[in-house]
Amino acid sequence: MADTCGQVLLGSGLTVLSHPLMYIKVLIQVGHEPLPPTIGRNIFGRQVYQLPGLFAYAKHITKIDGKSGLFNGLAPRLCAGTIGTVVHSKVLQRCQKGGRDEETGSSEKAEGSLQNVVNETTKEMIARSCATIVTHPFHVITLRCMVQFIGRETKYCGVIDSIVTIYKEEGILGFFAGLIPRLLGDVLSLWICNMLAHLINTYAIDDTMNHMGEIKNCSQAVTGFFASMLTYPFVLVSNLMAVNNCGLAGGLPPYASVYPTWVDCWRHLSQEGNMSRGNSLFFRKLPAGKTYALDQKRFF
């Protein structure tokens with residue numbers, strides 16, 4: 001219990017600190033570009049036209065809504081983080097207890113073996129999936145509170161009011177908009193990360209090397225970053241479907257088409273070459289073949 005409380009407190013602190021980054025990323029994912037391109041320099045020092053990055057975007061939001069405006073949607077996100085941590089911990093404990101019961105009387109699986117990695121990854125997948133499903137309604141509310149910035153709406157102004165609004169307008173299914181691509185992305189990212197880390201630790205790292213633990217942790221971090229890059233399109237599609245056709249300007253044309261399913265959203269983004277939109281908050285290059293519309297504050 002103490003460990004879970006510690007995880008909740010640490011997670012809540014990190015959530016507060018990272019919230020402005022997520023807020024800006026979500027607005028970029030939707031396609032909102034309130035500031036026109038400017039001449040800047042890329043990582044090689046060459047002059048190019050660039051889209052405003054994290055700090056310019058944050059300054060724009062602060063100018064309109066003040067510094068507190070950078071924390072729109074924080075309350076439901078904190079709820080999601082707290083509940084998700086508790087659910088993940090409880091489910092993982094159940095899975096680990098069940099795994100120990102099954103192994104009673106049988107030989108122990110060698111730590112670091114492929115079978116052990118598969119078993120541990122399966123348990124983690126179940127725990128994460130349960131936490132994601134339970135907290136997804138709060139994730140939907142968080143995203144919609146953020147996207148209101150585009151049309152200056154106040155439709156989703158609190159956790160309870162947002163729950164009532166979604167239930168009245170969309171029913172139970174409204175709370176789970178965008179859930180399937182989010183689950184798929186989480187599961188794929190977890191398996192890619194753990195399998196790649198296992199391959200690196202088994203075949204690329206010598207057990208006789210110094211600082212073995214630090215090296216393995218580093219390989220886990222690198223593979224985690226690589227997996228998140230590969231599965232980013234699932235995150236993008238999930239977030240767009242969570243706000244699609246919900247009555248907000250950011251979820252309706254011209255910012256987004258009305259997508260019947262998440263597959264249609266994926267297909268449209270792929271055709272437009274927008275599968276990585278919002279993936280970077282720095283050195284943002286202009287979309288190829290797109291024209292900036294100052295009045296609509298978007299590219300078309």
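How do the axes of α6 and α8 cross, and within what distance do they come?

## Helices α6 and α8

The axes of α6 and α8, which are lines fitted to C-alpha atoms over the stretch in contact, with angles running from 0 to 180 degrees between N-to-C directions, come within 8 Å and cross at roughly 160°. The two helices are therefore roughly antiparallel to each other, a term for angles over 145 degrees. The crossing of α6 past α8 is left-handed, meaning that the near helix is turned anticlockwise from the far one by less than a right angle. On the α6 side the contact (heavy atoms within 4.5 Å) is made by Pro181, Arg182, Leu184, Gly185 and Leu188, and on the α8 side by Phe234, Val237 and Ser238.

## Basis of the model

This is a predicted model, in which local features need pLDDT of at least 70 and side-chain atom pairs count only at pLDDT 80 or more, while totals for chains, interfaces and linings use all residues. Residues are numbered from 1 along each chain as its sequence is written, and side-chain values use heavy atoms, with hydrogens and water left out. Helices are DSSP runs (H or I, at least four residues), numbered from the N terminus.

Helix α6 covers residues 179–204, and its 26 residues should span 38 Å at 1.5 Å a residue, which agrees with the 36 Å between its end C-alpha atoms; the expected span is 1.5 Å times one less than the number of residues.

Thr231 sits in the loop between α7 (212–230) and α8 (232–243), and it counts as buried because its relative accessibility is 6%. Apart from neighbours within four places in sequence, Thr231 is in contact with Gly185, Leu188, Ser189 and Ile192.

Helix α1 (residues 2–30) and helix α4 (residues 114–151) have axes that come within 9 Å and cross at roughly 70°. That angle makes α1 roughly perpendicular to α4, the class for 65 to 115 degrees. The residues in this contact include His19, Met22 and Tyr23 of α1 and His139, Thr142 and Leu143 of α4.

Helix α1 also packs with α8, at an angle of about 80° and with the axes 10 Å apart, which makes α1 roughly perpendicular to α8. Here Lys25, Val26, Gln29 and Val30 in α1 meet Tyr232, Val235, Leu236, Asn239 and Leu240 in α8.

How values were computed
Angles under 35 degrees count as roughly parallel, over 145 as roughly antiparallel, 65 to 115 as roughly perpendicular and the rest as oblique. Buried means under 20% relative accessible area, exposed over 50%, partly exposed in between (1.4 Å probe, protein chains only).
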